[in-house]
Amino acid sequence: MGDVMTMRDVEARAAVAGIDLSNLDLDSIQLPPGEDFGIISDDEDVYQEEQLDFDTGFGNIIVVDHIPIVTREKFEKLEGVIRKIYNQMGVIKEDGLWMPVDPETEKTLGYCFIEFNTPQEAEQAKEKTNGYKLDRSHIFVVSMFDDFDRFMRVPDKWAPPEIKPYAPGENLQRWLTDEKARDQFVIRAGSDTEVFWNDARQLKPDLVYKRAFWTESFVQWSPLGTYLATVHRQGAAVWGGASSFDRLMRYAHPQVKLIDFSPGEKYLVTYSSHEPSNPRDANRIVINIFDVRSGKVMRDFKGSADDFAIGGAGGVTGVSWPIFRWSGGKEDKYFAKLGKNMISVYETETFSLIDKKSLKVESVMDFSWSPTDPILALFVPELGSGNQPARVSLLQIPCKEELRQKNLFSVSDCKMYWQSNGDYLAVKVDRYTKTKKSTYTGFELFRIKERDIPIEVLELDNKNDKIIAFAWEPKGHRFAIIHGDSPRPDVSFYSMKTAHNSGRVSKLDTLKGKQANALFWSPAGHYIILAGLKGFNGQLEFYNVDELETMATAEHFMATDIEWDPTGRYVVTSVTSVHHEMENGFNVWSFNGKLLYRILKDHFFQFLWRPRPPSFLSPEKEEEIAKNLKKYSKKYEAEDQDVSLQLSEQDREKRRAMKDEWEKWISEWKRLHEEGKLERQKLRDGEASDEEEEYEAKEVEVEEVVDVSEEVSFEYAS
């Protein structure tokens with residue numbers, strides 16, 4: 001362990017010799033610089049200013065005091081007990097556990113040093129085991145090794161701390177107060193990451209912030225749009241603001257690969273996977289849950305890939321992201337993980353299992369949270385060759401009370417779709433036919449907010465139709481299904497309400513033979529895009545579901561992604577270099593299918609709208625605004641007209657400038673032509689060759705034989 005061992009040997013020899021630690025001149029010892037687990041800036045000057053200050057560089061070592069004092073005979077047993085405790089906190093380095101021994105009595109001195117792989121593991125070990133009760137007589141007192149140096153730096157005389165003037169930070173929601181009511185988006189192209197305003201009135205994006213090498217893999221907005229997260233080898237970082245995008249916090253997690261925010265932005269989950277030295281071993285997975293504001297690790301999970309694999313009737317089926325799924329709402333009270341024959345539900349007050357145990361559910365295959373309530377929907381496949389039917393159950397958390405259950409028979413597959421308000425749950429069930437040679441699909445529709453949670457069964461007119469896509473209308477009661485065979489399947493629209501509000505699902509309309517394989521509802525509902533991606537080469541149909549009519553059809557050739565802005569006013573179609581090397585970039589459309597502007601970018605990787613938090617308006621106020629929209633829209637119509645006139649004037653100025661430039665060029669050409677007139681006359685022996693009347697036009701006819709053929713015919717007399 002090199003210099004680390006040398007330093008520890010000094011401490012140990014001092015303890016054995018009975019020398020007070022305060023007499024050690026640690027400042028005179030040459031120590032290796034501490035490893036910076038923060039985010040290294042691409043700006044060298046900034047990096048020098050922001051470099052972390054590690055006191056001694058031994059942040060990965062802890063000192064555990066009040067351990068038993070034992071003789072040589074019990075030394076190995078005590079070491080085994082301590083290793084068993086601290087191996088749960090992290091990886092102890094080779095020869096990383098050292099218990100000094102009194103050479104006179106040959107007994108341990110009642111404390112030990114433990115060296116972990118990372119300072120993060122050491123900090124966690126200190127937090128979790130300080131005050132740990134080994135037995136009645138031995139309660140651990142755990143300190144960081146670096147703390148001793150810091151304590152020795154405390155001056156003998158007290159001096160009042162320097163009071164720094166308060167410097168208010170930028171309001172992280174200020175971007176929502178944009179006078180033009182614009183939305184922001186972030187793109188990644190090449191090595192650059194750029195944030196723009198979507199200035200649709202000016203038919204162009206307005207640059208807010210640009211930075212090269214801002215992230216090493218991808219960027220991600222937090223669910224409410226407060227933070228922009230970047231990913232680096234050393235960990236993750238979050239940035240915020242309307243235009244400055246200052247770094248707000250760093251989260252140390254070496255080789256992080258994936259991140260996920262909780263719905264209320266209180267927590268950030270980071271994930272890394274490390275390949276083992278032995279190929280026969282499973283990958284080692286590390287998951288940390290950070291408090292977003294403080295950067296503190298609230299809970300970590302470590303283990304092999306098998307420990308985090310999804311279990312089901314067919315056994316382990318692999319790891320899927322996100323491993324931990326959060327309950328709906330801004331409270332961020334619960335998160336859960338699917339395991340083999342169980343669902344582990346944790347609460348964030350103590351970050352421990354509810355009732356200190358997982359929910360045992362034999363062969364559970366999948367689960368999902370309601371977007372708004374602490375309700376779990378889980379799916380269990382058939383067991384025992386069909387003797388025990390498959391089922392979908394709704395569980396209330398934290399009491400784990402079963403609210404509703406539906407048994408399902410002859411099931412081959414099942415998928416669950418929640419409506420955004422948590423009012424409805426659609427369960428798509430693929431069932432085997434009696435011969436078991438084919439399958440057909442139906443839907444079980446749960447009315448979550450109604451008494452006793454009634455369930456309706458929906459089957460298509462042709463129940464053998466293949467289901468290509470399903471999507472709920474956000475904040476609404478309608479849903480759309482693409483069904484049938486490619487290349488021209490049908491699209492059907494249904495409502496959970498009828499004209500008489502009888503509580504029965506009803507079909508609104510079916511569109512025949514559409515080039516579509518994906519559905520994209522506007523976040524505000526009412527409108528939907530029927531998209532033909534991948535094999536359909538970017539076919540787009542903008543459809544008004546209220547009026548059941550097509551507003552526009554268009555094409556964005558090779559489009560790979562579609563994303564609505566948070567307000568439902570604009571939508572972006574893009575072609576990323578991940579799928580295609582040509583025509584990379586994005587198009588911005590109005591909600592009714594008008595192409596507003598197009599941006600081409602080489603090596604274009606990512607486009608993300610900045611999310612908006614929920615409105616503070618009550619549903620009643622929103623309904624009142626919708627009914628009186630014309631009154632509220634007069635102001636914005638006037639602004640739009642002013643912008644339109646401004647754009648028209650800009651176009652006129654541009655055309656006027658082009659005309660002036662053309663006339664200037666003609667005048668210059670005529671001047672040069674006049675200057676060369678005498679020279680041309682000399683070359684033609686004084687002939688005024690520029691005068692048109694000196695020339696006589698004659699018409700000449702030219703005959704040309706194109707082809708000659710000879711035909712021989714015979715006539716017979718009657």
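Which residue in β45 is the bridge partner of Val-186? Select Val-186 and look across: the partner is Leu-608. Before moving on, a word on what you're looking at. This is a predicted model, where local features need pLDDT of at least 70 and side-chain atom pairs count only at pLDDT 80 or more, while totals for chains, interfaces and linings use all residues. Residues are numbered from 1 along each chain as its sequence is written, and side-chain values use heavy atoms, with hydrogens and water left out.

**Stop 1: the whole chain.** Colour by pLDDT, the predictor's confidence in each residue, from 0 to 100. The chain's mean is 84, and 85% of its residues reach 70 or more. Now select residues 1-56: pLDDT stays under 50 there. The model has 85 contacts beyond four places in sequence for residues 1-56, a contact being heavy atoms within 4.5 Å. Residues 312-316 also stay under 50, with nine such contacts.

Switch to cartoon view and you'll have eight helices and 45 strands. These are DSSP runs numbered from the N terminus: helices are H or I with at least four residues, strands are E with at least two. Of the 718 residues, 42% count as buried, meaning under 20% relative accessible area with a 1.4 Å probe, protein chains only.

Stop 2: Two strands pair if DSSP finds at least two bridges between them.

Stop 3: Next, select β42, residues 570-575. Is this strand mostly covered or uncovered? Mostly covered: six of its six residues are buried. On one side sit Tyr-570, Val-572 and Ser-574, on the other Val-571, Thr-573 and Val-575, all buried.

**Stop 4: the neighbours of β42.** Select β41, residues 561-564, which pairs with β42 in the antiparallel sense over four bridges. Ile-562 has Thr-573 as its bridge partner in β42. The two strands form a hairpin with five residues between them, and Gly-568 in the turn has a positive phi of about 80 degrees.

Finish with β43, residues 585-590, joined to β42 by six bridges and running antiparallel to β42. Here, Val-575 has Gly-585 as its bridge partner.

Conventions
Buried means under 20% relative accessible area, exposed over 50%, partly exposed in between (1.4 Å probe, protein chains only).
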